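Here is a short briefing on one protein model. Please keep the structure open while reading.

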Amino acid sequence: KERLIQPEAPVFIPDKYDEHGKWIDGWESRLYRGPGHDYCIVRLGVPVVLRGIDIDTSLFTGNYPPQAARVACVSDDVLPAGGWTTIVDTTDLGPDRHHYFDIADDSAWTHVRLNIYPDGGVARLRLYGVVRPKLGTLCVRIDPLALDNGGRSIACSD
């Protein structure tokens with residue numbers, strides 16, 4: 001699952017194996033033989049207003065998930081038990097490509113769950129959005145340029 005959020009593009013290494021068998025650069029769930037589906041929960045570093053999602057099935061040509069849905073929640077728990085809201089309905093996916101989805105919701109989220117139906121492989125999950133800082137009611141000194149306080153670079157010169 002950790003490979004799902006790696007910053008670099010996925011790679012194929014023909015002769016690489018690990019304790020699970022053939023190594024693949026991404027998240028590959030086990031084959032489902034009954035009812036249900038697989039999912040992966042990503043806890044965001046800071047609350048984020050999501051604007052888009054990229055589900056990248058690169059390198060997965062035969063074992064990609066046929067469908068996926070995206071849900072999100074706000075929780076102080078590391079692993080939330082409930083309160084999930086659908087942010088992108090269940091949609092079809094294809095093999096070996098990027099799948100981009102726009103999000104038109106102004107809510108800030110702390111967790112995103114990728115549901116894949118029923119199973120398969122996803123090379124990378126990319127979330128795009130704007131940080132929504134958690135500012136308390138107390139008067140405290142903050143760094144307004146820090147990413148987790150909403151700071152972002154908008155222009156520069158060479």
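The sulfur of Cys40 lies 13 Å from the closest cysteine sulfur, that of Cys73, so the two are too far apart for a bond. A disulfide would need the sulfur atoms within 2.5 Å. The structure accordingly holds zero disulfides. This is a predicted model.

**Cysteines**
- Cys73 is in no disulfide, and its nearest cysteine sulfur is that of Cys40, 13 Å away.
- Cys40 counts as buried because its relative accessibility is 9%, against a cut-off of under 20%.
- Cys73 counts as buried too, at 0% relative accessibility.

**Overall build**
- The protein has ten strands and zero helices.
- From the N terminus, the order of elements is β-β-β-β-β-β-β-β-β-β.
- The C-alpha trace spans about 55 × 45 × 30 Å along its principal axes.
- The protein has 158 residues, and 39% of them count as buried.
- Take the contacts with a separation of 6 or more: 76% of them join residues 24 or more positions apart.
- The accessible surface is about 10200 Å². Carbon and sulfur atoms account for 52% of that surface.

**Strand E4 and its partners**
- Which residues of E4 are enclosed is a matter of count: 14 of its 19 residues are buried, so the strand is largely enclosed by the rest of the structure.
- E4 pairs with E8 in the antiparallel sense, over eight bridges. In this region, Val49 stands opposite Ala108 in E8.
- E4 and E10 also run antiparallel, joined by eight bridges. Ile55 stands opposite Leu125 in E10.
- Strand E7, residues 98-102, runs antiparallel to E4 and is joined to it by five bridges. His98 in E7 is the bridge partner of Asp56.

**The nonpolar core**
- Nonpolar side chains tend to be buried together in soluble globular proteins.
- Here the largest nonpolar core has 24 residues. Leu50, Ile55, Ile87, Leu114 and Leu125 have the most contacts inside it.
- At least two core residues come from each of E4 (38-56), E5 (67-73), E6 (85-92), E8 (108-117) and E10 (124-131).
- E4 gives the most to this core, with eight residues.

**Two buried loop residues**
- Thr57 is found in the loop between E4 and E5. Its relative accessible area is 0%, so Thr57 is buried.
- Pro80 sits in the loop between E5 and E6. Pro80 counts as buried because its relative accessibility is 7%.
- Not counting residues up to four places away in sequence, Pro80 touches Cys73, Ser75 and His111. Cys73 is the buried cysteine at 0% relative accessibility.
- Pro80 and Arg113 are 33 residues apart along the chain, and their C-alpha atoms are separated by 10 Å.

Technical notes:
Residues numbered from 1 in each chain as written. Predicted model: local features only at pLDDT ≥ 70, side-chain atom pairs only at ≥ 80, totals over all residues. Heavy atoms only, no water. Core = buried A, V, L, I, M, F, W, Y, C linked by side-chain atoms within 4.5 Å. Buried < 20%, exposed > 50% of the residue type's maximum accessible area, 1.4 Å probe, protein only. Helix = DSSP H or I, 4+ residues; strand = E, 2+ residues; numbered from the N terminus. Contact = heavy atoms within 4.5 Å. Pairing = 2+ DSSP bridges. Areas by Shrake-Rupley, 256 points an atom, 1.4 Å probe, with all protein chains shown as cover.
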